[in-house]
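Try each task yourself before reading the solution.

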Amino acid sequence: MRETFLWLSSFTASRTRQPTIIPLLAGAAAAVLLLSTTLPWRELIDPVALGPTSEAGLARAQLWDLPYAFTWAVLVAIAASVTLGAAVARAVLVLRPAALATGVLVIAGSLAALLRLPPRLSDGVGYRAGLGAWLALSLGVLLLAVGVWLSLRIGPRELAIVVATGLVGVGVGLFVPAAADPQYRPSVVAGVPHRLLDLEGGQLEDRLGMRVSIGTSDPLDSIAPTLDGTPGQWLLGRTGSEGSTVFEYRDGVALPRVALSHGVTPPALLGVAADRLLLVAGGANGRPFAILSVPLDLVAADISLSHQNPDGSYYVTPGVDVLATGPGPAFTHRNADRSIVIWGATTTWQIPADKLKTGLRLQDFVVAPGPGAPGNAVSTGPDGTTAWRASKTGLALRRTSGEAQQITGIAPAGCELSSDVASSSLTIEAFAVDVRGNLWLGGSSPTSVVTPDGVHRVMPGHVAAVDSIEARPDGSVLLGVSPGGGDQVLEVTDAAAAASSYPAAPSPTARCDRREPADGITSYRATVLPQVSVVDPPVTPEGQPGKAVSGTSTQLALDSQGRVARIRVPKAAHVWAPDGHGGLWWTVATRSKPSTETAVHLKGGSASVVRDPAPVAAGQPVESGAGAGDRLITAVGGSGLYNVYGPGQQVKRLRVTGKLRQDGLVQLPSGSAVMVLGERLIEVRPDGHTTTLLGGAASGWPISSAGVPATQWTTDGQWFAGPDGKLWGYDGSHLARVDGPGKVTLVAGPTQHVPQAADEVTVIGTSLYFELGSDVVRLEPAG
């Protein structure tokens, strides 16, 4: 008992001997520590102010703004609050371990975070500790000293408590506050796509909390490498309605470099070379585009191309080089052979990356690997394999050892993916040739690849809705997709090497098989015409001499000089159609009250007019039209009613039951009309009598298929009055003539030079003109 009393007495005496200033000092330090969490803990040294509240070139963040340090901040606040409470209550037994724990917690955590901040760039851009962090570190040292002071001359039991508390504080300080979030490490499986970046809803949040929103409609236009192959990744992040910032992305941290003012349309980021950004600005809504070179040490750059200098050149911020300009629109693509492809309305340029410098001449890099390529996307690999979009639905491929092959746009509708890509119904939105000559295809169907052995293979992972594809020089392939949550970029790291190991798709069915095209009865000669001019009609919309306000649509016809041209259709025209002899029909509402419909027939430099005496009902739509010589038929309002104009001034009404398919109306010179009603091809005589020619199956066989019942032929494709005045059809690969119910004659096929997957077919005299992209191919009988 005596020993216990003496020990308690010494303990009480030691408490009473503690100076009053020590608890006050600890309490003040804890209170200021709590306040320091609202001061800037981290500062981003940036050449550009990142927001309206930022100081020029500096963006600050409080401790509570750092999501990865939130748990540590809560622990610091709790420890400081306990220390403050113990100091106010003069509870030395609690104050001693609380002050010590708070001090080591703050010191260990602050030093660990500061030491792990990423290094700054050579120009000083990067992160540094803010005032709040330095103040907290100083207060942590002070609280540690107070804790140590209060722990002098204490018994072993209390010392054990203090030491244990301090060790816990050190451990928590070292391991709870991360210097940053863990760097994103994708789970990579050979040949399977994974997320290249940790994008959520089209927005990247880096390890330090910087948010970068994908700045372009195509995510691959916002992500670019260094063009010379050195390590580096660059991001174009949208920071305003008319502005973006280019970030250098390294080790999971995005550091802002240059702010761009570009107007409504953001630029496409091509890459970085020689410490300069290379990008394509402008090009939207028919405006010109420019290839620009922007130095990385430029604080901000105006690349809106909204102003011109007195010499006609575009104004850009001094220091920015305009390498070349061209007519819009402009789209871009990076190739695996380190070239950049830019394509517009009628021209495609392929520029080696090392040629993107001052003195660039676009005309030196025009490419046209085949019909339809000018003005469309082209992709090439280092081995010379070249693919290009030939039309809206058609894609062509040429390998170094063979002729061009049409691989899409010729299969019947509803064909599943098969080992023969041409026999698969594919809607291709994007494609790319990789370093081993594999052709990657993306669109609404699952992403697939055509290997050099000609086999069509489906990529594992069932990735669909692909908007863009990029094959990189290192053998990887990037996929730009837009799932429900926003833009995303997927990477297949070993794509070029893994492609041949993918399983082949099943063999095509007999209905879909296009590997052996059929031959017809006529041989043709195909000629790609020189660039076809676009001209305005020499008459008003009503057919009087004068000038019409033209719309955006054009139609192949003969101009006043008898040359093939694209005639701009008047904006006021309801429907239009060629007449088979180089003329052009269109209809327009008159200005009289009540309004009536007038049909205008333009032939060469003059026009004739056929007026419909019946008034037009208010809001009455006109669906489509077809012409043949001096005859025109139009479908009115989806009601089964048709207006028949000519010959002469005749205007008749024709009613036919059935739903007309879009562009499924044909006028024959004989006076009969042919309509695609549902799945059937119907001939309608002038007296209204109808005859079914073929069709009836929802998924029918192509009209070039032999030995198939007439009811099984498909009505898909283009139907028109042929050069002989009879009904002709084009299924994307073959020309066929309908001679009567169930009677089809194959006129010609691909081996007889029929263009494939054409956008439109127009008959002018004895020749057929196929539109593929901006090219026009004339098909005329050989000999």
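A nonpolar core is a set of buried Ala, Val, Leu, Ile, Met, Phe, Trp, Tyr and Cys residues joined through side-chain atoms within 4.5 Å; buried means under 20% relative accessible area, exposed over 50%, and partly exposed in between, using a 1.4 Å probe and protein chains only. This is a predicted model, where local features need pLDDT of at least 70 and side-chain atom pairs count only at pLDDT 80 or more, while totals for chains, interfaces and linings use all residues. Residues are numbered from 1 along each chain as its sequence is written, and side-chain values use heavy atoms, with hydrogens and water left out.

**Exercise 1.** Find the residues with the most contacts inside the largest nonpolar core.

*Solution.* 
- Step one: this core has 27 residues, and Leu33, Trp41, Leu63, Trp72, Val76 and Leu95 have the most contacts inside it.
- Step two: α2, α3 (70-89), α4 (92-115) and α5 (131-150) each give it two or more residues; helices here are DSSP runs of H or I of at least four residues and strands are E runs of at least two, numbered from the N terminus.
- Step three: α3 supplies the largest share, seven residues.
- Step four: Val76 touches Leu33, Leu105 and Val106, leaving aside residues up to four places away in sequence (contact means heavy atoms within 4.5 Å).

**Exercise 2.** Check the span of helix α2 against its residue count.

*Solution.* 
- Step one: the expected span is 1.5 Å times one less than the number of residues.
- Step two: α2 (residues 21-36) has 16 residues and so should span 22 Å; its end C-alpha atoms are 22 Å apart, which agrees.
- Step three: among the buried residues of α2 are Ile22, Ala26, Ala30 and Leu33.

**Exercise 3.** Is Arg737 buried or exposed?

*Solution.* 
- Step one: Arg737 has a relative accessible area of 16%, so Arg737 is buried.
- Step two: its salt-bridge partner Asp724 (3.9 Å, N to O) is partly exposed at 41%.
- Step three: Asp724, Lys726, Arg737 and Asp739 form a network of salt bridges.

How values were computed: A salt bridge is a side-chain nitrogen of Lys or Arg within 4 Å of a carboxyl oxygen of Asp or Glu.
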